[in-house]
Amino acid sequence: MVKESDFQAKLIKELKAMGLAVIKCQAGPGVPTGFPDILALGQGVYYALECKASARAKKQPRQDYWVNKLNEWSYAAFVYPANHDKVLDEIRHMEGLSL
């Protein structure tokens, strides 16, 4: 099984390679509880991504709330190895990048 930290590092590199500005969010002052791990800024849209090692990985309090709320405003998702390609394809499509 892939470690979440390794998966997250790989995802950040891929998002940067797409030309997105990437911010890694960590718990602390000014960051709401349960806020997604990664905030990537693109062409008039942002992508809030919560990384998990698998689809069955435990969710922290308020993660569902933030992913749902941010997805209403722009794009947010839980991303894990099994849906990684799908999420990146959706981002590429929204950015107008070739698939």
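Q: Is the crossing of helices α1 and α3 right-handed or left-handed, and how is such a pair described?

A: Two packed helices are described by the angle between their axes and by the distance between those axes. In this predicted model, α1 and α3 cross in a right-handed sense. Helix α1 covers residues 4-17 and helix α3 covers residues 84-95. Their axes come within 12 Å, with a crossing angle of roughly 25 degrees. Angles under 35 degrees count as roughly parallel, and α1 and α3 are therefore roughly parallel to each other.

Q: Which residues make the contact between α1 and α3?

A: From α1, the residues are F7, K10, L11, E14 and L15, while α3 contributes H84, L88 and I91. Sorted by class, this contact has 5 nonpolar, 1 polar and 2 charged residues.

Q: How is empty space found, and what lines the largest pocket?

A: A probe the size of a water molecule is rolled over the atoms, which shows where empty space is left. Here, the largest pocket holds about 230 Å³ of space. Its lining consists of 16 residues, and C25, Q26, A27, F35 and D37 lie nearest the centre of the pocket. By class, the lining has 6 nonpolar, 7 polar and 3 charged residues.

Technical notes: Residues are numbered from 1 along each chain as its sequence is written. This is a predicted model: local features need pLDDT of at least 70, side-chain atom pairs count only at pLDDT 80 or more; totals for chains, interfaces and linings use all residues. Side-chain values use heavy atoms; hydrogens and water are left out. Axes are lines fitted to C-alpha atoms, for helices over the stretch in contact, and angles run from 0 to 180 degrees between N-to-C directions. Helices (H or I, at least four residues) and strands (E, at least two) are DSSP runs, numbered from the N terminus. Angles under 35 degrees count as roughly parallel, over 145 as roughly antiparallel, 65 to 115 as roughly perpendicular and the rest as oblique. A crossing is left-handed if the near helix is turned anticlockwise from the far one by less than a right angle, and right-handed if clockwise. Contact means heavy atoms within 4.5 Å. Ala, Val, Leu, Ile, Met, Phe, Trp, Tyr, Cys and Pro count as nonpolar, Asp, Glu, Lys and Arg as charged, and the others, Gly among them, as polar. On a 1 Å grid over the protein atoms alone, a cavity is a set of points where a 1.4 Å probe fits but cannot get out, and a pocket is an open set with protein on both sides within 12 Å along at least five of seven lines; lining residues have an atom within 4 Å of a point. Grid points are joined across faces, edges and corners, and a volume is the space filled by probe spheres set on the points.
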